[in-house]
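Subject: Structure for your review

Dear colleague,

Please find below the structure that I am handing over to you. I would be grateful if you read the notes that follow with the structure open beside them.

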Amino acid sequence: AASREPGAATLRSSIRNAGHSYTTAGGAGGDLEDPARFSEYAIQVTTLDAVVHEEVHLLKMDTQGHELRALQGAGRLLSEGLLRRIAFEFSPYLMRNVGDARPEDLLELLQGHGYVIRGDPGPEDEVPPERFGALVRRLNHSRDVRGRWTDLWAERRAV
């Protein structure tokens, strides 16, 4: 598992949905979830910078709200442009569940490293920085649980 720094963490895995698992690495809490619905496992986490040493054409991330923390551990990869495209699930709800109070930080991190964010409302549509807050608000106010996330992707601008 990837996080902002190496160390010990707990992996919480849903008893009913194997696709719903997340870590408590980097101070992540997961306090919005009922602990009785999860099995817990002690694991070690590391950074993407520590394990990736060459260009990656597509990084697919679905880390149940841990995307920001995983990319914070990829500072070298982002700065050097070694991650060409990043596809990720963006869920302010899940990000708050792991302790990240400001989901816009994920989009701003990528934008600050020269990435264009796309995917809302359509796969090729750009999400400019001035729309980051509106996107978070829309996802926050969805009454349907399936409307609390969206698939986005980031592509490094040509230099």
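Leu11 stands opposite Tyr41, a residue of strand 3. This pair belongs to the contact between strand 1 (residues 7-14) and strand 3 (residues 38-45), which are antiparallel and joined by eight bridges. Please keep in mind throughout that the model is predicted. Strand 1 also pairs with strand 2 (residues 21-23), again antiparallel, through three bridges. Here Ser13 is found opposite Ser21 of strand 2. As background, the strands of a sheet pair through backbone hydrogen bonds, in either a parallel or an antiparallel manner.

Strand 6 is joined to strand 7 (residues 150-156) by four bridges, and the two run antiparallel. Within this pairing, Tyr115 has Arg156 of strand 7 as its bridge partner.

Next comes helix 5. Which residues of helix 5 (residues 104-112) are buried? They are Glu104, Leu106, Leu107 and Leu110. Viewed down the axis of helix 5, these buried residues fall within an arc of 160 degrees, so they line one face of the helix. The general rule behind such patterns is that an α-helix has 3.6 residues a turn, so residues three or four places apart point the same way. Just after helix 5, Gly114 adopts a positive phi of about 90 degrees.

Finally, I draw your attention to Glu89, which is part of strand 5 (residues 85-90). Glu89 is buried, yet has no salt bridge. How far away is the nearest side chain of opposite charge? That side chain is Lys60, and the distance is 6.2 Å; a salt bridge would require a side-chain nitrogen of Lys or Arg within 4 Å of a carboxyl oxygen of Asp or Glu. Leaving aside residues up to four places away in sequence, Glu89 touches Met61, Asp62, Gln64, Glu67, Leu94, Trp149, Thr150 and Asp151.

Yours sincerely,

A colleague

Conventions:
Residues are numbered from 1 along each chain as its sequence is written. This is a predicted model: local features need pLDDT of at least 70, side-chain atom pairs count only at pLDDT 80 or more; totals for chains, interfaces and linings use all residues. Side-chain values use heavy atoms; hydrogens and water are left out. Buried means under 20% relative accessible area, exposed over 50%, partly exposed in between (1.4 Å probe, protein chains only). Lys and Arg count as positive and Asp and Glu as negative; His and the chain ends are not counted. Contact means heavy atoms within 4.5 Å. The arc is that of the directions from the helix axis to the C-beta atoms. Two strands pair if DSSP finds at least two bridges between them.
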